[in-house]
Amino acid sequence: MSSFLERASSNSKVQLTATAIATAVVVAGTILGFQRLQREERLHRLKDSIPSPIDEGEALRRLNSFGGASKTDKEDLRNELLARRAQAGDYDDELILEQLARNRVFLTPEGLDKLRNSFVIVVGCGGVGSHCTAALARSGVSKIRLIDFDQVTLSSLNRHAVATLADVGSPKVHCLQRRLLAITPWVNFDLRQEKFWDQAADELLAPWKESGQKPDYIVDAIDNIDTKVALLKYCHDHNLPVISSMGAGCKSDPTRILVGDIATGTDDRLSRSTRRRLKLLGITKGIPTVYSTEQTGEGKAELLPLPEDEFQKGKVGDLGVLPDFRVRILPVLGTMPAVFGYTVANHVILSIAGYPQDYVPAKGREKMYEGLLAAVQGGEERVLRHMTSGDANITLGLKIPITTGDVAFLVEEIFKGRSAISGLATRLTLVRWRKPKSTILIKIGEGSNEQKSSNLKLHELVCMTKEEAVRHDKEVLRGDKKPEEIYDSATVDKVETLLKDTTKYEKYR
């Protein structure tokens, strides 16, 4: 060993190589240290360049985004001034990239660029919407429109992402902007303090004003069924990418939260009502949702009943903040809206960045719905021929006012995928429950312009197995018996109750 060192020390080539390596290490260290010092200097220079807050009197005179006087503290003023500079382009892009470094490595530079150039609309800025918005801003989305009519309350502090006691009474959209600008000053916010409704959809979901960019994604974080359905229907009809958050209330198990198509079954009230209403509007699939498969059970939280004395004061609906909004207290564990919100944001981020993701498969029952629709068509033709003494020509061109969406609604939501007679879940079909008392044919026009259709209503159909339907068709629809003469009273009562339930939802078609 000693002889090797002696030879190496006497070899000039080895000495030169060692010197070169040592010099490279020193130079690399110097460069890295210089870059670090430059980065720190840029950061300090940026902070120092922000003007000191103006005097307290001026702060009191400042107006917030909605015209109301608001006392703005010194830190808010500094954040606002920094945000104005950042949004005007006067902000070192390397600092932004360093803040987003982990996302950039995960999504790739190309994926992060897509995210930074994206425009996302969040409708509903409560527990779910606020956590989703915070995640989007922190992840790099540069244009965010916030839509919510409500204000921060004390009771919402258990689940809101960024609100503090100082924000109580302020608009939720303003609170989110105020807090997030302190974290991501380069994000452009468009605040809309108003309730979403279908007649304002064109304006609220319009492209970004400055660039004309259409929304890359829309987040539905609404907890009111009417506005929720209106938003999803508009997005579906206008091919706008949307993801819907279902109910986080009364949920406690984060391991049961999934992302899946709207067709995927779940039993929480908001999800079930949304799915029913959408099916009646012809929408059976194609909308991703975040939902929980957790079931209610003994000892678990439930929707709290309204005290009896409130009913004595008049119409219960008048107690809501707005017409048709819930007035009962929904128990919410503060952690669950956050899990829902981050799950929604995760899906949006991956979708925009083009990152691979796998859906929970839907039921894949479209072919079954088409088959059931054909069976209803055939049933109506048989009934009409029977009522016209077998006239085969009477059914030529006959149409029925039922769609695959209607069939999906009846089978899945009303009859739960089972026969109302036996409870069996195989070989299902839909047939009229009672024999029509008069003609079912509706004729409009004459000759080549003649239109023929049946007067069938959803609440007249019942789900049975094909074997049960054959007997029902023979003995009731083309026979002289009533359902009460064939089935026991419990079955008849069950069917009549289900048909009444159908009638309630039929008005939404």
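**Note on a surface patch and salt bridges**

1. Leucine 154 counts as exposed, because its relative accessibility is 59% and exposed means over 50%. This leucine sits in the loop between β2 (143-147) and α8 (172-180). Keep in mind that the model is predicted.

2. Leu154 also belongs to a nonpolar surface patch.

3. Now the charged pairs. Side chains of opposite charge can pair when their charged atoms come close. The count for this model is 24 salt bridges.

4. One of them joins aspartate 190 and arginine 192, at 3.0 Å from N to O. Is this pair buried or exposed? Aspartate 190 is buried, since its relative accessible area is 18%. Arginine 192 is buried too, at 17%. Both count as buried because the cut-off is under 20%.

5. Arginine 434 and glutamate 484 form another salt bridge, with their closest N and O atoms 2.5 Å apart. Which parts of the chain does the pair link? Arginine 434 lies in the loop between β9 (428-432) and β10 (441-444). Glutamate 484 lies in helix α17 (residues 483-486). Arginine 434 is partly exposed at 33% relative accessibility, and glutamate 484 is partly exposed at 41%.

6. Lysine 443 meets glutamate 450 in a salt bridge of 3.3 Å, N to O. Glutamate 450 is partly exposed, with a relative accessible area of 32%.

7. Some salt bridges share partners. They join Arg275, Arg276, Lys279, Glu413, Asp501 and Lys504 into one network.

Notes: Residues are numbered from 1 along each chain as its sequence is written. This is a predicted model: local features need pLDDT of at least 70, side-chain atom pairs count only at pLDDT 80 or more; totals for chains, interfaces and linings use all residues. Side-chain values use heavy atoms; hydrogens and water are left out. Patches are made of residues with over 30% relative accessible area and no salt bridge: like charges are joined within 9 Å, nonpolar side chains (Val, Leu, Ile, Met, Phe, Trp, Tyr) within 5 Å. Accessible areas come from the Shrake-Rupley method with a 1.4 Å probe; for residues, only the protein chains shown count as cover. A salt bridge is a side-chain nitrogen of Lys or Arg within 4 Å of a carboxyl oxygen of Asp or Glu. Helices (H or I, at least four residues) and strands (E, at least two) are DSSP runs, numbered from the N terminus. Buried means under 20% relative accessible area, exposed over 50%, partly exposed in between (1.4 Å probe, protein chains only).
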